[in-house]
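Please open the model in your viewer and keep the sequence panel beside it. The stops below proceed by selection, each with a description of what is to be found there.

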Amino acid sequence: MSMQSDTLEPASLFKAYYPRLCYFAFQFTGDKDQARDIAQEAFVSYLGQRAQVAPHPVAVKNFLYTSVRNACLNLLRHEKVVEKFAASQAAPPSDDTTVILTMIRSEVLGEINRVLQTLPEACQEVIRLGYIEGLKNQEIAHQLNISVNTVKTQKKRGLHMLRQRLDPEMYTLFFL
């Protein structure tokens, strides 16, 4: 996401990056509440060190992602000392490639969520349930108390609008 210099205000930064940073932190912690706390702390840290961070969107973005990554790794190290991880729990992403891929995934989902918010409410709900939560048309119809044909129509309409509003690469990544 490219940001104009006038969007370096804390409220604009929070709105633009908070959902992405939450998702990024969640990839490390697996806990939504911890992820939210870590993302919020990154913004508090930024506000406290704002004078030391270059007033450039890329520098601010790098500061926020680095703060979240470091906080997540510190949390995981602490938890590892306190208790052994359960066998089913995945190891924390630690190499640079994994971190970069997680950042890219966060950015893609952030952009998709931004565009989803521009769709009519009915399309938003059907697209989220069908493509993000993975529900089948019949399940969506039952949950929203609408017909299966309405679900199909809303999906078709929503996908058409997404195709128009997303970059082709983002649209393709939406389905991956």
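**First stop: H1 and H2**

H1 passes H2 in a right-handed crossing (right-handed if the near helix is turned clockwise from the far one by less than a right angle, left-handed if anticlockwise). The model is predicted, so local features need pLDDT of at least 70 and side-chain atom pairs count only at pLDDT 80 or more, while totals for chains, interfaces and linings use all residues. Residues are numbered from 1 along each chain as its sequence is written, and side-chain values use heavy atoms, with hydrogens and water left out.

Select residues 32-49 to display helix H2, which packs with H1 at an angle of about 135°, their axes 8 Å apart. Helices here are DSSP runs of H or I with at least four residues, strands are runs of E with at least two, and both are numbered from the N terminus. Axes are lines fitted to C-alpha atoms, for helices over the stretch in contact, and angles run from 0 to 180 degrees between N-to-C directions. H1 is therefore oblique to H2 (under 35 degrees is roughly parallel, over 145 roughly antiparallel, 65 to 115 roughly perpendicular, and the rest oblique).

Next, show the side chains where the two helices meet. On the H1 side they include Leu13, Phe14, Leu21 and Phe26, and on the H2 side Ala35, Ile38, Ala39 and Phe43 are among them. By class, this contact of H1 with H2 has 15 nonpolar, three polar and two charged residues (Ala, Val, Leu, Ile, Met, Phe, Trp, Tyr, Cys and Pro count as nonpolar, Asp, Glu, Lys and Arg as charged, and the others, Gly among them, as polar).

**Second stop: leucine 21**

Remain on helix H1 and select leucine 21. Is leucine 21 buried or exposed? With a relative accessible area of 0%, leucine 21 is buried (buried is under 20% relative accessible area, exposed over 50%, partly exposed in between, with a 1.4 Å probe and protein chains only). Residues up to four places away in sequence aside, leucine 21 touches Ala39, Phe43, Leu64, Tyr65 and Val68; contact means heavy atoms within 4.5 Å. Draw a distance from leucine 21 to valine 68: the two are 47 residues apart along the chain, and their C-alpha atoms are separated by 7.1 Å.

Now display residues 10-29 (helix H1) together with residues 96-116 (helix H4), which pack at an angle of about 140° with axes 9 Å apart. H1 and H4 are therefore oblique to each other, and their crossing is right-handed. Tyr17, Arg20, Tyr23, Phe24, Gln27 and Phe28 represent H1 in this contact, and the H4 residues that they meet include Val99, Thr102, Met103 and Arg105. The contact of H1 with H4 comprises seven nonpolar, four polar and four charged residues.

Within helix H4, select threonine 102. Threonine 102 counts as buried, at 4% relative accessibility. Which residues does threonine 102 contact, leaving aside its neighbours within four places in sequence? They are Phe24 and Gln27.

Move to residues 137-144, helix H6, and colour Asn137, Ile140 and Ala141, which are buried. Seen down the axis of H6, these buried residues fall within an arc of 100°, so they line one face of the helix; the arc is that of the directions from the helix axis to the C-beta atoms. The face turned away from the buried side of H6 carries the exposed residues Gln138 and His142.

In helix H5, select valine 126, which counts as buried at 1% relative accessibility. Beyond its neighbours within four places in sequence, valine 126 is in contact with Ile140, Leu144, Ile146, Val151, Gln154 and Lys155. Valine 126 and asparagine 137 lie 11 residues apart in sequence and 8.8 Å apart in space, C-alpha to C-alpha.

Select asparagine 145 in the loop between H6 and H7. Although not a glycine, asparagine 145 has a positive phi of about 60°. Asparagine 145 counts as exposed, at 71% relative accessibility.

**Last view: the whole chain**

Finally, show the chain as a cartoon: eight helices and zero strands. Of its 176 residues, 36% count as buried. Among contacts between residues at least 6 apart in sequence, 59% join residues at least 24 apart.
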